[in-house]
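Let's take a walk through this structure together, one piece at a time. Keep the picture open as you read.

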Amino acid sequence: MSNHLALARALVDLAANAEQAAAVQERGHCVVLAGPGSGKTKTLTTAMARCLVEDVVDPRGVACITYNNECAIELETRLAALGIASNDRAFIGTVHSFALTQVIVPYARCLPGLLPDEFRVASRAECRAAVEIAYSQVFDDQFDPHDRWGFAEEKRRRDVDRSRPDWRGCNPELADFIEAYEAELRRRSLIDFDDMPLIAFRMIQQHGWIRAALRARFPVLFVDEYQDLGYALHELVLLLCFAGGMRLFAVGDADQSIYGFTGADPELLQSLVARADVRVLRLRFNYRSGAKIIRASMGALGEERDYRGRDGAPDGDLFFWKVIGDIDTQARTIGNKILPVLLERHPAEEVAILYRAAWLGDKIAAALDAKDIPYVRTDGNALIKRSSRLARFIEGCARWTTGGWREANPPFARLLSQAKALVFGGRSSDAEEQMLSSQLIAFLRSGIDSGETTHFWLQRFWRELVTPWRAIARNPQGEWDVCSEIATRTDPARGGDIALNIFAGRIEGTGRVSLSTLHSAKGREFDAVILFGMNAGALPSQRDRKTPTALREARRLFYVGVTRPRKELAIVYQDGNPSPWVVELYKRSQQG
Amino acid sequence: MTSGETKYRIAWEGNVVRLARLSIRNFRNFEAIDIALAGNVVLLGENRVGKSNLLFAIRLVLDPTLADAARQLKLSDFWDGCELAKGPRIEVHLDFAGFDTDEAQAALLTDFRIAGDPTIARLSYVFRKKPEVGGPPQSSADCEFIVYGGGDESRPIPSRLRRRIALDMLDALRDAEGQLGSWRNSPLRPLLEDAIAGVDHASLEAVAADLDRATKALEAFPTVKALEDGLRSGILDLAGKTHDIDARLRFAPADPLRLFRSISMFIDNGKRGIAEASLGSANVALIALKLAEFAWRRAKNERNYSLLCIEEPEAHLHPQLQRGVFDKLFNAGDPNQALIVTSHSPTLAAVAPLRAIVHLKAQGGRTNAYSLANLPVTPEDLDDIERYLTATRSELLFSRGVIFVEGDAEETLMPAFADALGYNLDRLGISVCNVAGVNFTPYVKLAASLGFPFSVVTDWDPLDGTKPPLGIARTLDIWDAYASVSGREVLSAAQRARWDASDFAAFSKAWEQSGVFLNDQTFEVSVANTPALLGTLLDILSEQGFGSVRTKRIAAWRADMKVDPAQLLAMVADIGKGRLSAKIARKLPFGQHPPGYIAAAIRFVADRV
């Protein structure tokens, strides 16, 4: 299964870096603290490959939990290059998909009364309805149930182990609210996303045989982006690894923890680091950025780190663009002046414009449209969401139909296995696979040279694939609405329709500048990065200033943006109104 | 499991992976069978009862070498009683238990745990009408098969599982020679390939060079040279120059890497090839090689569990050899392999663990299966039974019915009594089982578990009258033993109390219905009190040439002195079962019946086999 030659090469590659080499060879619990550009993913994938070849004997395997599907897809691609396919021996996915596919689906049916027989994942509307019903059961007032639920949700994510006194000890009314909400979901045979790791945690905690079964299958657990994964995963790790005998290999960087709103807390990673039974390795080399940018990033973070650049790497360049005018003017300046200059030095796909929120992306998109500069958006308003498996499948189908079929790029077999995962959550009988296969190939072939635009092709996709598939789907995490959403956004009536081959290049295509929020840019890198809208009042915002935790997280978000470029960083802000962090960054960059 | 059964919990339960249960529906001889298994399986049963079909059912689920075309059954594979119009399904379900202790096995089987019990993994085969076919299926093409696990059709069994928990079929043992002879199928092949891989290339080259020299020397003999030239020109003549194959006479291929393919097994210190061995020796060699191959596959981590299926492995093996070979296979075996065999050999049955025995029996157009896997007896009782079933007595396992008796005399006389009644026990397949005492219950459980009709002949044993006769509690215990394995109601305390108070006549009459036949004196006394029988016995004893004490005693009894029944039967037992039976049959006038309760016990079983 694995490619020994590719692995041997990867091991040689890492040998020059003592910490990376030590991490890859580690046989006990291990946490790798990996700063920006330190080769974290390479270390992780090489460690996984080595572990599958040397430590873990077939038919046992390893599991790797990542922050989101996008990271999972990235890891799958990198592991495929090492000859390791995501299959029975290697699980790669989010904590939610681990909980669902490796714990709940196989074992919940063995525990009578735990879940309804045919449960599925609730839609947003169903969750909201359940919140309202639960609220009316627990509270007798006229406030907005959803405001209150915001607090309940936070408690729900934090108090993973409800057998602890905290659960009823503080805010017992929220505990009642949560329990009423969950009971309401169950009554309708539903679970929600936050339920997945919580249910899995309780199953693993209460049943030794489930712990043993997981250890039997996955003697080693890899966790990527530990700082972003929240309490549920942390409790699972404590249970499975420190109480349950699995070996832990975690990678993370507390400085890049930017998902507090989903329950992440950099302290969880720190608590692992503090354990005596964990070996901690710090990756100090930044292979990505020039020395100037590394220095500036210390100013961005407001703390010193002993990160070093690669010997002989160019220094990199910093540009501060003060623009006289509002945010629209700043966007136009980027389109008219800043970006064209960068595009002279770098291919378009190596240039990114990063900003705090999707509405800023709309401004930039309008500015680039005016100059006819092609771009691909990867923020919340993107046509294709990078983190949606269905969206990426649709894009893959479009690529196959618009020419990919000639050189099998993507191969039909991969599209089919993606379809299987989408419809059946991975497991399916031969007959089911055959049915899926014939429907898929018929649809794909009918699109070749049909001259359809994206909108009409997507409508057919909806009729010919989504409609029959959603009727038989067993994957409780259906996201079929993603398809209709794209169809709506490409509606010719709204002027959104595009040629299918252009749609097909949305993610992998070259020749396009990337537009991304700071959050979505995490884990990615570019030759040149433009940070847009780095104004006082926006970074940090009023809201960031409300709590010290939020303020620190906003600053880490800025740090994430600053650490994306390899060679050039351009910071755009309003003249006379820069973010105080930009000022600090400037000062730090002037020091040695 | 009821609380009463827990004390019989099998000691190794949960410690090692094993086959725990087999269910079959509507397949060939089987309408519906559900049997517990205890790892190894020894299938007993008469010819054509469906032993091979049961093996094939297991292969449908597990055999990695079975092609899809073989898994696509025919309509004729449905059990004869099926109404095709009702859309019957052929189903085979195989349960594994104990896999959680081995992490590799757990990793393979964990997805297939059944909803009702997470310690059990189930693998299933189903053959059924395709959903789109309306009306009854017209041919095999209207049906489809699926193989899945966990009782959930959406969980297909990956081929990896069937490779790693694999079944090997050693069908035609009679062709051991053929298997060993062909390179492709020989179990020697992987072992040799592995061994040769450990030899460096230069050494192989050296051997090839030596062989080449030997070949040259051979070719140098004029007669050999002439033969080779003759053959070559003959082929050339037939094939023409362009298709000539350049044939040569050689000891082995000249290519060092192919050299080892001509290595084969020789016997008798290398004097003779395996083809010249007796069939029995070749079979033993084949089984040994198969086991070596399994061990090798496990060492190479290609396998985690092996099931070796052998049909009638006793073929061509002398009983002593059978005993040695199967004792090793069953009792000193590897925990990661199990044996499934069909057999007609009492020798094999005697060395097999009792709990491995599965008895197939045709009843009313279907074959039913009876398993001893969960025989509810204590480990001590189990030891007793296994000791009892020595090679000579293990025929019990092949019988159709059993009469249980207390001692040697009954065992000796019973066949003669049956002859007198016109029943030939051997021909009827009825065994007489002497439990040497009154501990009938484990044996009753054994017979009931195997589905045998049985009767028990025992004494009333009244004691001194202050307590209930021992025969009462014994009879009630026998019933409870029978009930515990046949799903009947065991007796309540109140029912027992009522029976305790009953008298001999009422009690013995009532329990005859259930196959327990009581005698208010002892067996010995009732024989001595049956005049026609006593006379015949005394005649036979007189002819035995006993010593002076016994001779005198016989004479005194003939002279109307009161017979000492114990002495009488001690002498009878010394004559030996076979001889006595023949003598009585000759001397006892037909119709001179044995004591009534014995006749009833014989008829009870004879009418039910």
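Before the tour starts, here's one idea you'll need: two strands count as a pair if DSSP finds at least two bridges between them. Keep in mind, too, that this is a predicted model.

Now try that idea on chain B. Strands β7(B) and β8(B) are joined by two bridges and run antiparallel. Look across from Y148(B) and you'll find P156(B), which sits in β8(B). The two strands form a hairpin with two residues between them, and there G150(B) has a positive phi near 70°.

In total, the contact uses 21 residues from chain B and 20 residues from chain A.

Next, hop over to chain A for a sheet. As a bit of background, strands of a sheet pair through backbone hydrogen bonds, either parallel or antiparallel. In chain A, six strands make an open sheet with parallel pairing, in the order β3-β2-β6-β7-β1-β8. The strands at the edges are β3 (90-94) and β8 (279-283) of chain A, each with a single partner, so each has one side without a neighbour in the sheet. Going from one strand to the next, the twist averages 15°. Over at β3(A), helix α5 (residues 95-107) of chain A lies across β2 (62-66) and β3, running at about 125° to β3(A).

Helices pack against each other too. Back in chain B, α14 (residues 408-421) and α25 (residues 596-606) pack at an angle of about 80°, their axes 10 Å apart. That angle is why α14(B) counts as roughly perpendicular to α25(B). On the α14(B) side the contact is made by F417(B), A418(B) and L421(B), and on the α25(B) side by I598(B), A599(B) and I602(B). By class, this contact has six nonpolar, no polar and no charged residues.

What about the inside? The largest nonpolar core has 298 residues, and F404(B) is one of those with the most contacts inside it. Setting aside neighbours within four places in sequence, F404(B) touches residues including C433(B), F440(B), V444(B) and V457(B). Another core, of 27 residues, lies apart from the largest one; C397(A) and V466(A) are among its members.

Most residues other than glycine have a negative phi, and most peptide bonds are trans. In chain A, though, a cis peptide bond links D58(A) to P59(A), with omega about 10°, and another cis bond runs from L539(A) to P540(A), with omega near 0°. D449(A) isn't a glycine, yet its phi is positive, about 55°. Is D449(A) buried or exposed? D449(A) has 10 other C-beta atoms within 10 Å, so it is exposed. D461(B) also has a positive phi, about 45°, without being a glycine. With 17 other C-beta atoms within 10 Å, D461(B) is partly exposed.

Note on methods
Residues numbered from 1 in each chain as written. Chains lettered and ligands numbered in written order. Predicted model: local features only at pLDDT ≥ 70, side-chain atom pairs only at ≥ 80, totals over all residues. Contact = placed C-beta atoms within 7 Å. Helix = DSSP H or I, 4+ residues; strand = E, 2+ residues; numbered from the N terminus. Axes fitted to C-alpha atoms, helices over the stretch in contact; angles between N-to-C directions. Parallel < 35°, antiparallel > 145°, perpendicular 65-115°, else oblique. Nonpolar A, V, L, I, M, F, W, Y, C, P; charged D, E, K, R; others polar. Core = buried A, V, L, I, M, F, W, Y, C linked by C-beta atoms within 7 Å. Buried ≥ 20, exposed ≤ 12 C-beta atoms within 10 Å, placed from the backbone.
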